[in-house]
Every structure is written in C-alpha cells, then in structure tokens.
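Please brief me on this structure. Keep it short and sort the points by topic.

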Amino acid sequence: MKSARILFNNKTLDVTINEQDQVVTQQGDVLADGSFTWLPPCEGKMFVLAINYADHAAELSFKAPEEPLVFLKNKNSLIGHDQNTYRPDNVDYMHYECELVVVIGKEAKNVSKEDAMNYVGGYTVGNDYAIRDYLENYYRPNLRVKSRDTCTPIGPYLVDAKDIKDPHNLMLRTYINGELKQEGNTKDLVFNIPHLIAYLSDIMTLTPGDMIFTGTPEGLADVKPGDVVTTEVEGVGVLKNTIISETEYLKTI
Amino acid sequence: MLTTFGNKKMFHYRQKESNEVVFKTANASFEIRLDNSMLPPTSGSVIGVALNNKALAKSLEQAFNEKPHVQPPKTPVLHIKTDNTHIGYASSIKVPTDKGAVYAGPSLGIVIGKTATRVDTNNALDFIQGFTVVNEVSLAETSFYRPAVKAKCRDTFCPIGPWTVDKTAVSHPNNLSIKTFINDTFVHETNTDQLIHSVEEIVSYISSFMTLEAGDIIIAGTPERTPELEIKPGDSVMIDIEGVGRLANPVEQE
C-alpha cells in the first residue's frame, strides 16, 4: 500500500495511491494530476547519514566512519514531490543527494539489530540538497549547508515496509534534465538499516513518522536554476524537483 | 515576583489534564499551579546556538585555529534539540551513568510569535512572542567538529518552561542575569550580555535560511560547562532568569 499527503482545495488530505499510480481520497475519489499539491508524506525527526556509501566517502576523500555519522535537519527544509527548491544567488556548488528514507512505524528505544526491521513503517525517496559553499568545520555539515528552506524534497508517497522485499538491494538513480548523473545500490550502505535503527534508538526514543535518510552514493553534480532533478529509488518512487533562482523564490514568499 | 501589566495576559503555558494538553494564560506567575503536569510552553522546533558565549569562545580560541576546526566559526553555530528531549517544569532529567559527566546548560529561550523568514535585526523583536527558560542538558563535548547528536539529543535533555513570558514584560533581553542552583545552592551565574550574537541577531541569522514558525524556540546560548554545572541522579537543578522565570527539574538515573 502507498500513502501520501496532499493539499487539495486548501485542505490537507491523507490519500492512497492506486495500482495505476493515481491519487485516491478516503471517500474513493480519484484526483486528476495537477489538481492538487504534493506534501511531505511524513512528519517527525529528520536524521541524515553522511558518508554512508563507501564510494561516496572516497569521492569526498573521507575514510568511511567507524560509527554512523548522523546529522539532523529541521522541518522547515521539507517539501513534497514536484515542488521548487531555490539555489542561493552567488554560490558555486549546490548538489542533490538521492537517498532511501526509512520511516519509523512504532516507538523504538534500545532496539536490537535483530528486531530493528519490525520498527520500520515504510520507505520513501529523499533528496538531501547541500550548498557546499557554506560548509564550516563546526557541527559539520552545518545547518546552513543542509537545513535550508525548500532543500529537502521527500516523497511522492510512503510505501509500506511489507511491500519492499529487500530494502538492501535497491537501485538509486538521479537524473538532471533526463540525463543519468548518479547511480548506486542500497546493498553498498556502510551501516545498514538495522544498524542505524539500533544505533539511534540506543541514544533516544524514535517515534512513528521519524525519518532516517540513509545516505547517498557517488555521482554528485552542480545544479542550476531551470534544472529538473529526478531522484529515484527502485520500487519506492520517483521524486521530481525543479531548481529556481533565489530571486524567483523571493517573489513567491 | 513577576509583575502584572494591565489586562494583557503575560504568561502562556501548557499543562496536561487527564491526558489532554491544555493551553492556558495567566496575569501573574502566582496564579499558575506549578507541578509535574507542566509541559514545555510550546511544541515547536527547538534550535540551539552553540559557542555563543564570550568566555567560552575565548577559552577555545586555540582549538578554533587548530585541526579539525582550522578557523573560528564565521557564522553562529546551530544545533537541533529533537522532540524526545523536550520536557516541562518538574519532570525528571534522566541521566545515563556510563557516558561520563552530564551538565546543565542554562540559557534564555526565545519563543517565536509568528512566521519569520529573512527577518532584519531591526525588527526581529516583532517576530518574538516572549521568552522562557531552557536547560540545554549535554554530555561533555571534546570537539565541535561533528553534530552533537549523542551529547545533546538523549531523552529528557531539554527542560523548557515553566511558561513563556510576554516580551513586553522583558525590557532588556540582552542583559538578563541567569542563575543556576543545584540542590538549592547557588552554583553558577551568567548573563545574556555574555552572548556573542544578540537575541535580535540570532533570530535574523536563523531566519535568513530557515523559516521559523510560531512556537519555535531558540536556545540563545549556554556558558562553558564547568564542574559546578554537573548534575547527578538525586540532584534538583533550578535555573532562574531575571524577569522570565524559574525552571526546576529533578535529576534521576536513566
């Protein structure tokens, strides 16, 4: 089963997605594409893994870490499928990061790796944009790089955990304007999903809706206003996003 | 004692009543029944500003110029206190016994009153509802290079409250005495005049790339975690901010 959240006639609705990939309301109405706005399909804490693919670690000239390297994002950065992300004017390098997002399904504290998969509610696709110009060596990657308004597209929908047979063997792909730029597979995660849930739930209580962005493989590239960025996780979804300039963005707020 | 200003309700708080969350207001602090039914005064995001204290920054001057930091911070250093850390007045701070020392983190809390995007320092106060007291509890930090999730995001590590006091009752937010008492003994004093980035600068900076919403709280800045601020199971820790309120919490073993 696939579930999503949309804005329709100024109301927030929880909906499902049918076999034909159409949005269906709780009353059973099928909504036409373009008649609604996609919202993030979940809300909760946002954990993101840095350098959690060995090849990406090499790309950034880092040794893969000995324990998960986790940072947090704030909800201000979240946007849904088919929305705009703004690139600040006068920066040199803004890149996407295609990621499998694990969404917690029930409260988890001190969960063992063996039990961890029972706490997964579902999966979705996340794009964890970064503005590398703003990197500083304090709580790196700092919030100015990662937790910016519009910089975390997520969705389009949540896929139930039981519908993904092996989350550790899914292809990830990113396209800019239709051209393949990034490719990887979740089998190459340095710390796999049970490890991450056990690690985080040892520190704190996880609650339903919490998101774990599991990291991105190699293949980063700069994105410019006008680019259409498509991040895809096999069997989980295709998340589309358009880059706009800061000037354009300021006209919308 | 905190004062009443005409008919305007000065104190805003939340309480748990038979498993429901109830929003309340009061004209004077003595009208509020203080017990462990108190919740943090809002349920928004809580963003902290680290290293925002003059003496603390001075003590780290050398480390700031060495690897891995290489140079001092160019912008305010931010972190997030996740929702599992937020507790209200009189709830217990639960400390682990195998992670080293645990420290209280006395700070002014800035409560956002309305949506703030790209706010100028000159009108930052227009976007602030008022102020609260925050105890930004933390394990010791030996480096500021990587995000402090393990040190700062344990359950119960962010008492907030007891209320939000309206900003009109706080005439000088950048000059407020902050006193910490452990087991009723006065152990530490700081002042918001020790902040490197002022209340207005913090709101302006954060809102330059993160939209703040009504109910979001910013932890303005904590002092150096000196041994006087260490808290242990069995302690009671109280933080008193001049004109804002007193936040008291017992400490127990996790």
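Two strands count as paired if DSSP finds at least two bridges between them. Helices (H or I, at least four residues) and strands (E, at least two) are DSSP runs, numbered from the N terminus. On that basis, five strands of chain A form an open sheet in the order β9-β19-β18-β15-β16, with mixed pairing.

This is a predicted model: local features need pLDDT of at least 70, side-chain atom pairs count only at pLDDT 80 or more, and totals for chains, interfaces and linings use all residues. Residues are numbered from 1 along each chain as its sequence is written, while chains are lettered from A and ligands numbered from 1 in the order in which they are written.

**The open sheet of chain A**
- In the sheet β9-β19-β18-β15-β16 of chain A, the edge strands are β9 (83-87) and β16 (179-185), and each pairs on one side only.
- Neighbouring strands of this sheet are turned by 25° against each other on average, direction ignored; axes are lines fitted to C-alpha atoms, for helices over the stretch in contact, and angles run from 0 to 180 degrees between N-to-C directions.
- β9(A) pairs with β19 (residues 237-245) of chain A in the parallel sense, over five bridges.
- Arg87(A) stands opposite Ser245(A) in β19(A).

**Domains of chain A**
- Eight residues of domain 1 of chain A are in contact with 10 residues of domain 2 of chain A (contact: C-beta atoms, placed from the backbone, within 7 Å).
- On the side of domain 1 of chain A that touches domain 2 of chain A, β1 (2-8) and β5 (37-39) of chain A are the elements that give two or more residues.
- The residues on that side of domain 1 of chain A divide into five nonpolar, two polar and one charged. Ala, Val, Leu, Ile, Met, Phe, Trp, Tyr, Cys and Pro count as nonpolar, Asp, Glu, Lys and Arg as charged, and the others, Gly among them, as polar.

**Where chain B meets chain A**
- 30 residues of chain B are in contact with 23 residues of chain A.
- The elements of chain B that give two or more residues to the side touching chain A are β4, β5 and α3 (149-152).
- β5(B) gives the most to that side, with four residues.
- The residues of the side of chain B that touches chain A divide into 16 nonpolar, eight polar and six charged.

**Helix α4 of chain B**
- Seven of the nine residues of α4 (residues 199-207) of chain B are buried, so this helix is largely enclosed by the rest of the structure. A residue is buried if 20 or more other C-beta atoms lie within 10 Å of its own, exposed if 12 or fewer, and partly exposed in between; C-beta atoms are placed from the backbone.
- The buried residues of α4(B) pack against β4 (46-50), β5 (77-81), β9 (106-112), β10 (128-135) and β15 (217-219) of chain B.

**Two buried residues**
- Asp210(A) lies in the loop between α3 (193-203) and β17 (211-213) of chain A.
- Asp210(A) counts as buried because it has 28 C-beta neighbours inside 10 Å.
- Val237(B) lies in strand β16 (residues 236-241) of chain B.
- Val237(B) counts as buried, with 23 C-beta neighbours inside 10 Å.

Definitions and conventions: Two residues are in contact if their C-beta atoms, placed from the backbone, lie within 7 Å.
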